Amino acid sequence: MFGYAMLPLGKVANVFRGEYITKKNTKEGTIPVILGGQEPAYYIDKYNHDGEIVVIARSGASAGFVSYWNQKIFVTDGFGYEEKSELIATKFLYYVLKNMESELNAMKRGAGVPHVSGEMLNSIELPIPSLQDQQRIVEILDRFDTLCNDLSSGLPAEIEARQKQYEYYRDKLLSFKELPK
C-alpha cells in the first residue's frame, strides 16, 4: 500500500533535550512541565518549547512513554523530537513512536532509576513513507482517535444516540395502544 524507507530516528527528526528544573525553583503558572510521567508533573510560568513536538520520557517507571504536544510546554526529563520537514511530519512521528512504546520502554537500563539513552533512541529504525502518505495516515488515525475518544462526536455520542433509538422503539413496541376497529 505505502512505499517507504527505513531510517534512524536521529536522521529524520531534530532532537530537543529537556532542561533540568525543580518545582521549588520555579513560579506556578499554566505551562505544563513534562517530567517523564504520563501527565504533566506540575505547571509553571515559563516554557522551553512552543509548537509541535513528540516527547519520550527519559527516566523512571514511565521511561519510553511517548506523548504529543502542540502548545507551550517545559520539557525537563525527556527527549523531544521535532520534524525535519523534508522527511517526516511530527504527528506521523508521534503515531509511529506510540506504536513502538512497549519497545521503547523495554530499552530502559539502570537499577535505581531506569532510563532510556538518547543514543539508543536515535538509532531506532522507523518506516518513512512519503510526506503525502504520512499525511493520509495521520488523517485516518486522527479520525479514528476522534471516534474513539471525543465525547461529543465519537463513539460515546454514537452509543448515546443508539441508546435513545433503542428506548424510542422499545417504548413504541411495548405501548400496546388499542388499535381502531
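Is D77 buried or exposed? Select D77 and find out. D77 is buried, with a relative accessible area of 14%. Buried means under 20%, exposed over 50%, and partly exposed in between, using a 1.4 Å probe and protein chains only.

This is a predicted model: local features need pLDDT of at least 70, side-chain atom pairs count only at pLDDT 80 or more, and totals for chains, interfaces and linings use all residues. Residues are numbered from 1 along each chain as its sequence is written, and side-chain values use heavy atoms, without hydrogens and water.

**Stop 1: around D77.** D77 sits in the loop between β6 and β7. Strands (E, at least two residues) and helices (H or I, at least four) are DSSP runs, numbered from the N terminus. Now show the contacts of D77, meaning heavy atoms within 4.5 Å. Beyond its neighbours within four places in sequence, they include I34, A57 and S59.

**Stop 2: strand β6.** Select residues 66-75. Strand β5 (residues 49-57) pairs with β6 in the antiparallel sense, over eight bridges. Strands pair if DSSP finds at least two bridges between them. Look for H49 opposite I73.

**Stop 3: the cores.** A nonpolar core is a set of buried Ala, Val, Leu, Ile, Met, Phe, Trp, Tyr and Cys residues joined through side-chain atoms within 4.5 Å. The largest has 27 residues. Helix α2 gives the largest share, six residues. Select L97: apart from residues up to four places away in sequence, L97 touches L9, V54, I56, V66, L104 and L126. Finally, pick I34, W69, I73 and V75, which belong to a second, separate core of seven residues.
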